[in-house]
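Here is a friendly walk through the structure for someone meeting it now. Please have the sequence and the model open as you read the points below.

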Amino acid sequence: MSLLYPVPLNPTRGIFVEDHVHLLQAMGHEVKVVNPLPRMPKYAEARRSTMMGVSKAPRAWKHQGVEVFVPRFFALPDHPYPRMTTSSVARRAGWVEKKLGTWRPDVIVCHTLWPVAGLAQRLARRWGCPWVGVVHGYDFDVGLTLRGVGSRIEEAAAACDVLVCSSKRLASVAEEFQTQPRRLETIPCLTTVDKEWRRPVAPMRKAWQKEPIDILFPADPRRPEKRHLLALQTGEVLEARGWMVGITSLRHQPRDIVYDRMLTADVTLITSRREAGPLVARESLLCGTPVVSVNVGEMADYLPESWVKGEDPEALADGIEAALRTGWTEEESVEDRLRFASREAVTQAWSGLLANLVS
């Protein structure tokens, strides 16, 4: 169950949840997806790029062979009446049961707690099965600050049988709750890049300040939390130093195009105000493109120190020049540094967790 999942008009939406579905299938599990979505008019999609395609999503469809059910609930932007949103979502339990027929899960995995955890909890109670809450960032980084929403997120975190956080930072937030989760685990999002796309992170081969460089901004510039302006200011600083700079952004491209952009870029620049990972940074490194970032998410855990900078265009420009000059010089290879998010490591973690819940 998740608020975020691909829809026919936006197949890149919630792709990290889709990755987990495919992982569970590869582990031999039968998976069905419940993707609650708010009722909304077409014009409302423009307010948030992550909502593209939501208004026209069908009630039931198949995505890459997986059955997806889309109950609709009522919610206003920014959830000024959280009790109304929670009630509307939870009331869809009967609709979900009807769509599933006689099929029942052994475990409910609920990616993102707000506002769909109430539905997961109600269904788990009806069916007598455990449910797992998974936090990727928004629930804790934004949801806890929203009036009337934060308390509901804390209640959901305490109510689930296991709370899984995608990073140690998010787990540390859960540890500070007044009511502790019954069981807390840290399992990162799966990071897989096929061998055909993988390259070593080598020093730039272009002539220094003689040839144009391409900076990849791996997000939709319309999302304010990604801080596209800071990336543009960094490019201006580099141009003042003598570089010819182009900045490429990513919006709703499929993964093969994303990897192609990473292969052709000289450096990936992350200027986000908040991130859980981000997943795109790991993918960029595996594609051979260095990543320079502000100190956000878990970037400082695996990037070289000289590539993680403050929220300042001059400092970020210094990081880009350092990355272009040296490439990856750490003792560990990129693959070894990112082994914690490999298919083998994530599979083992989820296999142990699920086996413990159903034993």
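1. Strands here are DSSP runs (E, at least two residues) and helices are runs of H or I with at least four residues, numbered from the N terminus; two strands pair if DSSP finds at least two bridges between them.

2. A word on the source: this is a predicted model, in which local features need pLDDT of at least 70 and side-chain atom pairs count only at pLDDT 80 or more, while totals for chains, interfaces and linings use all residues. Residues are numbered from 1 along each chain as its sequence is written, and side-chain values use heavy atoms, with hydrogens and water left out.

3. Now step back to the sheet: five strands make an open, parallel sheet in the order 11-10-12-13-14. Strand 11 (245-249) and strand 14 (308-309) are at the edges with a single partner strand each, so one side of each has no neighbour in the sheet.

4. Strand 8 (residues 162-165) is covered on both faces: Val162 and Val164 are buried on one side, Leu163 and Cys165 on the other. Buried means under 20% relative accessible area, exposed means over 50%, and partly exposed lies in between (1.4 Å probe, protein chains only). Strand 7 (residues 131-135) runs parallel to strand 8 and is joined to it by four bridges, with Gly133 partnering Leu163. Three bridges link strand 8 to strand 9 (residues 184-186), also in parallel; there, Val164 stands opposite Glu185.

5. Which residues gather in a patch of positive charge on the surface? They are Arg39, Arg59, Arg91, Lys98, Lys99, Arg122 and Arg125. A patch takes residues with over 30% relative accessible area and no salt bridge, joining like charges within 9 Å and nonpolar side chains (Val, Leu, Ile, Met, Phe, Trp, Tyr) within 5 Å. A salt bridge puts a side-chain nitrogen of Lys or Arg within 4 Å of a carboxyl oxygen of Asp or Glu. Helix 3 (93-100) and helix 4 (117-127) each supply at least two residues of the positive patch.

6. The loop between strand 2 (37-38) and strand 3 (60-63) holds Arg59, which is partly exposed at 38% relative accessible area. Ser55 belongs to the loop between strand 2 and strand 3, but Ser55 is buried, at 15%.

Conventions:
Areas by Shrake-Rupley, 256 points an atom, 1.4 Å probe, with all protein chains shown as cover. Lys, Arg positive; Asp, Glu negative; His and termini not counted. Charge placed at Lys NZ, Arg CZ, Asp CG, Glu CD.
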